[in-house]
Amino acid sequence: MTKSKKKWSRRAFLGASTAGIATVGGLSLASGKSKFVQNLGLPTEFAESKYTLSVCANCVNKCGLKVKTQNGRVVKINPNPHFPKSRSMLCAKGQAGVQVLYDKDRVKSPLIRTGPRGSGEFRKATWEEALNYTAENMQKIKDKYGAGGMLFASTEGIQEEFFREFSAAFGSPNHVRHPSLCLASGNTGFFSVFGKVPGFDVANTKYMIFSGANRLESFITPDTIDLIDVIKNKKAKLIVLDPRYTVTASKADVWLPIKPGTDLAFYLALIHVLIYEELYDKEFVAKYTQGLEEVKEGVAKYTPEWAEGETEIPANQIREIARELAFYAPRAFVYKGRRTSWNTNDTEMRQAMAMANALIGNWDQKGGIYPKQSIRKGEMELDVWPPFPDQDCIVPMEEKHPLANAADGAYLDFREKVMRDDPYPVRGYFVYKQNPMHSLPDRKKTIEMLNKMEFVAVCDIYPTDTAMYADVILPEDTYLERNDPVIGFKDPYPFLAVRQAAVPRLHDTQTGLEIFQGLAKRLGFPEFLDFTIEDLVKAQLKPFDLHREDLLVTGIWTNQRETVFGKTLKEGHRFPTPSGKIEIASERFRRRGLDVVPKYRPPEMIPKDKLRVIVGKNALFTHASNQNNPWLHELMPTNRIWISTKAAERRMIKSGDWVKVTSPVGEIKIQAEVTEKIRTDCVYVPHGFDHMSKMMSRVYGQGGCDSDILVTREDKITGNAALHETLVSVQKLEV
Amino acid sequence: MARYAMVLDSDKCLNCKACQVACTAENHVPVGKHRNVLHQTTRGVFPELSMKTDPGQCHHCDNAPCVRVCPTGASFINKDGGGFVMIDKEKCIGCRYCMLACPYDARYYDEEVGVVDKCTFCFHRLAEGLEPACVETCPTKVRVFGDIDNPDTEAAKLMRKHSTEQKKLEAGTGPNLYYIID
Amino acid sequence: MSHHHEWGWMVVVYLYFGGLGAGSILLSGLGHLTKREHFRGIARTGALLAPVFIGLGSGLLIFDLGRPLQFWRLFTHINPASPMSLGSWFLVAFSIFSTFYALTHLPPNWARFFARFKLFSGALLKLADWNEPLNEMDESGNNVVGLMDNPYPNSPEWYSSLRDILAFLAIPLGVAVGIYTGILLGAIPARPFWNTPMVAQLFLFSALSSSTGLLFLLVPLFWKGSKRHAQKEHRVLLTADLIFIFVEFFIILPFIIHAQLSTQSVITAMEMILGGPYTKVFWIGVVLLGILIPMVLEFSEFFGLFKKLPMIMSKFIHVTVAVLILVGGYLLRWVFVHAGQDTSFL
């Protein structure tokens, strides 16, 4: 027990915990006030609180915030109850945002590498020096290898568009984003049928089928709120297919521990039953869709009995689910889910999900799926055109992944091509708001790619593993220190919000725009980013006759207060597909030589002594970014590999034992968690641990990194990283 | 006479830990200590499984054993102000007897300052018209806080509508956390 | 349940020292009141040790506080429902009491030694004279006195009476302190290992037994008596400890049996010493080493089974028994403080 009595901090502690009490009458508690308050030894003058309305940036949800500051210091972040999307909730990550700002491990100034690449040895530099250094090196790459010699990589964020404008102005054709490490397959799957990626009306539905999509555990979103509401109030039934007993599975009406990699079989059988038992919505299908006959033929052999052999789900259960789905339609759906692919046929699986939705006629209806609407913001009028790159993108997206979003790229293809200098060398790498060291499978390969580079620049707020391999780290302001452009939201109805700085910047950091402007100036194309954020905000709000302050009354603005259904079901509406209809048999697929009815291929057979690795997340962390946050780290300081009781027994493993997990590409040492909550043929590794960066002081070396053992596989249609294709052996480590 | 209590629907709890981080942020709880906890239990054998998470914190007992054993009067019940069990940190000498007396293990020792601390139902937020941090932030609104002697509060309504249980009643503490069981 | 225990070694030592202080003063009081010459060593040693142990224990306790300099707040408030509140008041009173009582037994050469420092030298010299014990030995070093009329012939009447009264009070006060250390733990329903009816008695008799062992080891340092003195004194300590240790053992046994028939909380709590992490320390350390082996050795000695042994073996056994008792006493408190914190009301 430490005996250090810091008198001043005790005062501060007593003061800080109670400061901000307004002398409000009203509550009978407050009227215990002066005597009550005095008895607690509280100071009688309280620090004044100020609230700033803003938007969280810890994950893609962007929940609404009321940031509380006292004496210029952020003391608490509360949810903004006026926010239609997040509706007065703020998850653990959002609450831990205070520590994002004050974390001692943050990158506090530009850093330039002094030791060998990856050593973590950096020295401080001024912005002048760092930007000069970066621009010089980027120019060197451009001169030597062409603009395409720089690979630009980024993840979504409100200032990401500036990075993309910057990379376009630089002239490089090589820009890769996160969707091929994220939801590309789901998007393409649904896009192929509906021409649009829909939203899911969880709040009003009666029946849902989820494959994975662990909304109640891995990712707290408004769907989480609605999901609990409809389940707990018995308004809807939830079926969950997951090899693991997740929190979502535990709240579901039915949990099916499906064999990993066989979900496509389930959905093909589902479609089979819908069609052959004539449960599909005949009227809807006739009116709005095309391709039924072709699909009917295509799924003829995919019976529930056949599917039972693949999925280990009983055939009657598959039939029953199909019947229930049709019964509750149109207030029923098969949920798309979100994250990276599991297997190389992921897009086909999501396509089958979309086909099932189309068959039950739930499109654009309450309780079903619907096209999200947005508010069209204004745009900046900049009379500049980025140069047409004189090199081809090293990954020919049109050829290889024509149905993926070409602008997003296919990350694993990029890495592969870079490593082979195919078709030309890429020796520069600029990473914005991304940690490829963890997000890409097979960390060894990523290190190899980084080591091949002649110049690496990383723009981030933390000294991540990727930043460790950089030549220069350019630190961005955190979201609590930034005024960002206007954000457009689509859920549950379109609205606008804006991010406000709650405090002036703490350290020698800059906003993304400022950084890219500084570089653009030095590289000779300042005109592309020649505006301020305020200019942009003004332009964005112009169509509505609004100013930034107008959004700060409640934090949002909208011209539409509810989700409107049915607009696309009106006479004469043309769906954004080649045929103009919902395509149960996708024309786009046909035109690219892909199967319009997915042909099922079983997943790789697992040899007796091996196990399949599945990965996942939890509500504390966003990918591999914030495991080092002290308030989140204390709740999960390390990860353990989940292994079933039977599989553990066979290997004489008990909970807490250290085990060696070996895959074709690497091995990790990690502690085991023996549990009943997973199938005997797989193991589960929580994502985002064992950081190599010593500067991430709390999480350095903690646990096992899934990326170290995952093999490089991708969904064949979109190039989306397929992360459940790795087979490992697990052995107890003798101490 | 106001009597503040909390009604919890553990069935809706996701173990997402938002309430824990919100509390730590709101009350400057030292890293490594917690004013509220989440206890997840799993039952059964694959694939017949069930899982539940029970949130917990100081129960602000009517008959608080921590108050009973405090030798300096630092722990007391604010009888006129809603029945909160409070700690006057000026009076606390850090003997930690109260920590041992609590059957819910709700208290923690703040090493830096040398006193014991615990959940205060965020009384400082109530004065601002805000709910306790854990109540406000919860995505699924597991906790409902209010004066259960006032029939119009949401908490009182829930108590009328549902059967509730209290933890460790036999310890004779008279706790004020009510867990919905139907 | 290996979590951090808020009460650690300082509390264990405090409870142990409290018990030793209580037992010492009680045995001292008894020894003095018998007016027997051969119990004067016990009387003096117990009297001198008590305030030292109470003082050290209380010092540790204050140091263990989160805010030690604020300990005075214990004395601006009294909470009759809190054993700690009452206990701290009582401990202060007892500290003062035992200090005064110790002064009445202060060895004269000690008093003369302190008189050299000029502070209170007059009073100290007087005290030295008043505390001059009756010379009881003849030329051959044999005791000639058994029952004494006046153990301290130079004491004024009032001072003698005071000494006798304090000795008399030492007995119930010693019992009270011995019991209090048990009640401090026993009053907590949240810790079912503690919250049992026998914990106060157990601590009392353990304290008495430990103090007996302590006195056995230390009396020769404080009183140079004749051989007969030593023999008689040893005999009475042996007998006393036999009684205490028997009672202690037969408090523990029913304690455990009864606990098995109690509520689930208690049954689960008892598992700590019935198969749980404290089993070995308890049964080997506390029971075997601290009670049973001393009991057997003391029994044997009581019935003269060691009469034939050479002096040195005899002495060795005596010292071993005392040390075992002392170690056992410490381990008892260690087990209780820690096992208790590993149990919870179910």
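How many bridges join strand S16 of chain A to strand S17 of chain A? In this predicted model, local features need pLDDT of at least 70 and side-chain atom pairs count only at pLDDT 80 or more, while totals for chains, interfaces and linings use all residues. Residues are numbered from 1 along each chain as its sequence is written, and chains are lettered from A, with ligands numbered from 1, in the order in which they are written.

Strand S16 (residues 455–460) and strand S17 (residues 472–475) of chain A run parallel and are joined by 4 bridges, strands being DSSP runs (E) of at least two residues and helices runs (H or I) of at least four, numbered from the N terminus. Opposite Cys459(A) stands Leu474(A) of S17(A). Both strands belong to an open sheet of 7 strands with mixed pairing, in the order S5-S4-S17-S16-S15-S6-S7 (chain A), where two strands pair if DSSP finds at least two bridges between them. The edge strands, S5 (122–124) and S7 (175–176) of chain A, each pair on one side only.

In chain C, helix H10 (residues 279–302) packs against helix H11 (residues 311–341) at an angle of about 150°, their axes lying 8 Å apart; axes are lines fitted to C-alpha atoms, for helices over the stretch in contact, and angles run from 0 to 180 degrees between N-to-C directions. H10(C) is therefore roughly antiparallel to H11(C), a term for angles over 145 degrees.

Chain C contributes 23 residues and chain B 24 residues to the contact between them, which requires C-beta atoms, placed from the backbone, within 7 Å. On the side of chain C that touches chain B, helix H3 (residues 83–104) of chain C gives the most, with 3 residues.

Technical notes: Angles under 35 degrees count as roughly parallel, over 145 as roughly antiparallel, 65 to 115 as roughly perpendicular and the rest as oblique. Two residues are in contact if their C-beta atoms, placed from the backbone, lie within 7 Å.
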